[in-house]
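The points after the display are grouped by topic.

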Amino acid sequence: ADALARLALRDDAAKRAVCAEPGLVEGLRRTMDQLGDSKGRRAVANALIALDVHEQVLTNVAGSVEKILDEIRRIPEHAKAFEGTRRAEFRRAVDETLAALKRDARTLVDISKQDPDHVGTLVLAGAAETLVYVLGLPEKMSGVSRVFDEFKPVLGHAAGACAAEKEACHALTMMLSHAEDRATHQTAVADAGAIPALVRIMNRPPPPASSGLGSEARRAAEAYAAASHDLARRATDALAKLVQDRDEYKTKVRDEDGVSTLRTLLDRRDPKVQRAAAAALLVMGEHERLVKEIERNTETLVARPDADRARDALKAAVRTLAELAKEGATANAEGDMVDAVVRSGAVEAIVPLLSLSQRVGEEFDVSFGDIEKEASYAISLMASRDVNQNRIAKAGALPGLVALLQRYPPQTTGSVPTSVARRAADAVTNLAHENNNIKNQVRVEGGIPPLVSLLETKDPKVKRAAASALRTLAFKNDDNKNQIVECGALPMLIFMVKSEDQLIHYEAVGVIGNLVHSSTHIKRRVLDEGALQPVIGLLSSACPESQREAALLLGQFATTDSFKVKMVQRGAVRPLIQMLGNSDEQLREMAAFALGRLAQDADNQVGILHAAGLRPLLDLLDCDKGNLQHNAAFALYGLADNEDNVPDIVREGTVQRLMGRELIVQASKDCVKKTLDRLKGKVASSARVLRYLIYLMTTDPDAPDAARIAVALAHLVDDAHGEELREVFIKKLGLPILLRALMPGTPAKQPRPEAYEQRLAEACHALHVLLQKVALKVPPEEAPLPPTPEAYLEQHFNNPEVSDITFLTHSEEFHAHKIAFARCPPEFHDDVAARRVARRGDADVVDFSHLPPETFRALMRFTYVSELDAERTDVVSDLMRVAVMYNMHELKRRCEVALAEHVKSRGAELDPAEVVERFNLAESLDAASVSRACALHAMEHHAAMIAALGVPGFIAVTGKMVPRIDEHARAAFHRLPSNAEARSRLNPN
């Protein structure tokens, strides 16, 4: 695209050549549609402008409108002449032209977005006039043919025309969005007649309802409704950009009755349209005008309470201002639109309306109910922004709101009083949200008693609003909690918890939860009032929010010891466990929290586990949320406290899952460590638990449970003398069970690959831990003294003086002395004699070209001075082959020691392929110590081995290593000291 733009800007001939290339311009437009990258879209837009494609697009737009109108003009006067094929052809032609028109307008949108300079180019090319000409397309279509309206329902072009107009409005919006040269562009668009055209679009009636229509007609109606709402939103956006900072255009909009049209759009059922209308009204400065209107009409009503026109105007103004605050709060997370309403003085204008009835006299109370309701609603919306709370309270809103709550008791009937109470309660809720000073002011002003009284109203909306306000006031405010309880709220709140209305029981359980939080005496009163069973019942509610609050509340109740068991007896456990599998993260968190609290009782611990609660809690450890992990870890810690649970916990594979989890919060890590320590303690202190685990393991050694138990016991059993380890893994066959996991199995018995890899890793880690434990308990062996050569021959090493034998390798000669090889086995001397090829003076010449020079040098050095270069493992490996060839036992032993030590010292740095190669070499040469070292290395560093070799490759190697691991383990266990006391503990008979 950049290259094309540079070509086009070079000269007109190049531009014409580029445009003449078949498919190139269309390819650019298609690329613009498909690209998501902003730099790419900008480059394509630059190319389109450089190639003057925008001029062709603008020509196409105007031509498409005319083509549609020409097609409509050709509709015959008589219906019969417009049936069948002709109608189908007409419909296809218009649909295709509308689609092309929409796409061309969309191209102008994309070009305008990228660069303010592009907008200037488009304006100069007449884009404003062309786009405004598209506006009002449906009216133009109806105006050119009097019979078109007769066929319009059949032809179904309304949605297509709306879509084309929407793109035109969007293009105008983009042209006016750049701050650079905005005033110039606004003038061009306004001069093209955009204001009346946009107002007419916004003033169109809302789309009709689609209910009662056939399926095809309903789909067409729904498509038209969606297109109509989108068009209204785009037209409103364009109007807002057009009048921004231009008072003369705002005046023109008012002259076109655009403000009332925008206020009508606030009542549209489409939220996007409502937000766009609110934004446009704010740009028009309507919020400031409304504030002045409210102040003026308030003064009028105070002076003349019977001024009906002023009363109606005041109500409408407050309602509109409230809608502006509502849509602003929804549209902008920063609350810029709400703040604009507040900055205009809306708070100071509306707060006095809360006490308007008192100011004008009792005889006019009912007349002002609607105004008080709208004022409360507006205050509630403005208070949704925390920064506005104190300003509203300072303006005196709280006394007025409390007065409204006191004036409308539950017994009052009629729509106005109850709605006033509801809106006032909502305002208190938002004002007091996380603002402790305002919570205290509400209490001081006497707001809590009327709110408690409203809990008894018959209107469910008022009941919910009052409960929500009490919930907010009770949150972390002990004085408010106590007053709510003393006002007698608990019985009614508990009745509300039993309600079938989800919103009512959600708010009620939320109030109770905030009341009992950190308040032991209130918790006791709540339980004494009979709240336990209704709250347990909410665990099965269809409302997730109510379930969450109920679970949290039960977790708080569970701090009272006498109620822990009651909750389980009354059916709390099973629904809580079911909630652990819910997709709602907060629901799972609260369920785990409640179960963790309940699991602090011994009987509950067993009940939770046998209600299948263990596995869901373990699954929560796999999530990536710290709170969830911690609540689950705490619950598991409680379950592990009961000896009766330990066998089932172990059999489920809990030990392995706890050890293999990456936890986020340090507290969770500490909790898991304590759980593992608790399980170790239970196994160590209870012979009954260990004997039962051994029984489960040996009943069916081939079962998956047996492998899980054997792995767990390798981590849990650790008696001082090792007798219990010997009992579990040698006498009771725990070791063969672990080793069996390392052997290749039949495909039918293998689990899925990821599970198989996990079990393999667990078995390797368990064997490593087990062998380490045993090694620490085995008495140390006395290390053999290194052999001392009978003669010190280093000065004669490879010295030609007095040499009586010369060995020839591939590239070197070695001068040796027969006496130095006197102690070598007969096999070596026989081979030397067989390879003698000549004599040089008194020295024999022997052809040893079958050995590399480095290997023979190492052989000579060992023969002369009994030294090995252990760092050259390749040479040591070759030397071990030589030792086996010539039956040199001491040399082989020294090579084995060197290679085994090298495996141990390198640790994780050792390449897995080298481990396999060395193991295979050791097996072929019967170097048992090297084989054992490689096998133990594979157990310790199994993760790296599996990653390098893959599961099939690793299992093929471990299958060969099993005999060596078995030999090493049994030898180590054999060297453990015997302990009669430990044996009698496990075998009491």
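The model is a predicted one. The points below take up the sheet that holds S2, a helix that lies across S1 and S2, two residues in helices, and the cavities.

**The sheet**

- The sheet is open and has four strands in the order S2-S1-S4-S3, with mixed pairing.
- Strand S2 (813-816) and strand S3 (836-840) stand at the edges, and each has a single partner strand, so one side of each is left without a neighbour in the sheet.
- From one strand to the next, the twist averages 25°.

**Strands S1 and S2**

- Strand S1 (residues 805-808) and S2 run antiparallel and are joined by four bridges.
- The link from S1 to S2 is a hairpin of four residues.
- Helix H51 (residues 853-865) lies across S1 and S2, and the helix runs at about 15° to S2.

**Strands S3 and S4**

- S3 and strand S4 (residues 843-847) also run antiparallel, with four bridges between them.
- Arg 836 has Val 846 in S4 as its bridge partner.
- The hairpin of S3 and S4 has two residues between the strands, and Gly 841 in this hairpin takes a positive phi near 70°.

- Thr 855 lies in helix H51, the helix that lies across S1 and S2.
- Is Thr 855 buried or exposed? Thr 855 has a relative accessible area of 2%, so this residue is buried.
- With neighbours within four places in sequence left aside, Thr 855 is in contact with Val 875, Asp 878, Leu 879 and Val 882.
- Leu 879 lies in helix H52 (residues 873-885).
- The relative accessibility of Leu 879 is 0%, so Leu 879 counts as buried.
- With neighbours within four places in sequence left aside, the contacts of Leu 879 are Thr 855, Ala 858, Leu 859, Leu 868, Leu 891 and Cys 895.
- How far apart in space are Leu 879 and Leu 239, C-alpha to C-alpha? They are 91 Å apart in space and 640 residues apart in sequence.

**Cavities**

- Rolling a probe the size of a water molecule over the atoms shows where empty space is left.
- How many cavities of 30 Å³ or more does a search of the whole structure find? The search finds three.
- The largest cavity has a volume of about 60 Å³.
- Its lining consists of Cys 162, Ile 201, Arg 204, Tyr 224, Ser 228, Leu 231, Ala 232 and Arg 268.
- By class, five residues of this lining are nonpolar, one is polar and two are charged.
- Helix H14 (residues 215-243) gives the most to the lining of the largest cavity, with four residues.

Methods:
Residues are numbered from 1 along each chain as its sequence is written. This is a predicted model: local features need pLDDT of at least 70, side-chain atom pairs count only at pLDDT 80 or more; totals for chains, interfaces and linings use all residues. Side-chain values use heavy atoms; hydrogens and water are left out. On a 1 Å grid over the protein atoms alone, a cavity is a set of points where a 1.4 Å probe fits but cannot get out, and a pocket is an open set with protein on both sides within 12 Å along at least five of seven lines; lining residues have an atom within 4 Å of a point. Grid points are joined across faces, edges and corners, and a volume is the space filled by probe spheres set on the points. Ala, Val, Leu, Ile, Met, Phe, Trp, Tyr, Cys and Pro count as nonpolar, Asp, Glu, Lys and Arg as charged, and the others, Gly among them, as polar. Two strands pair if DSSP finds at least two bridges between them. Axes are lines fitted to C-alpha atoms, for helices over the stretch in contact, and angles run from 0 to 180 degrees between N-to-C directions. Contact means heavy atoms within 4.5 Å. Buried means under 20% relative accessible area, exposed over 50%, partly exposed in between (1.4 Å probe, protein chains only).
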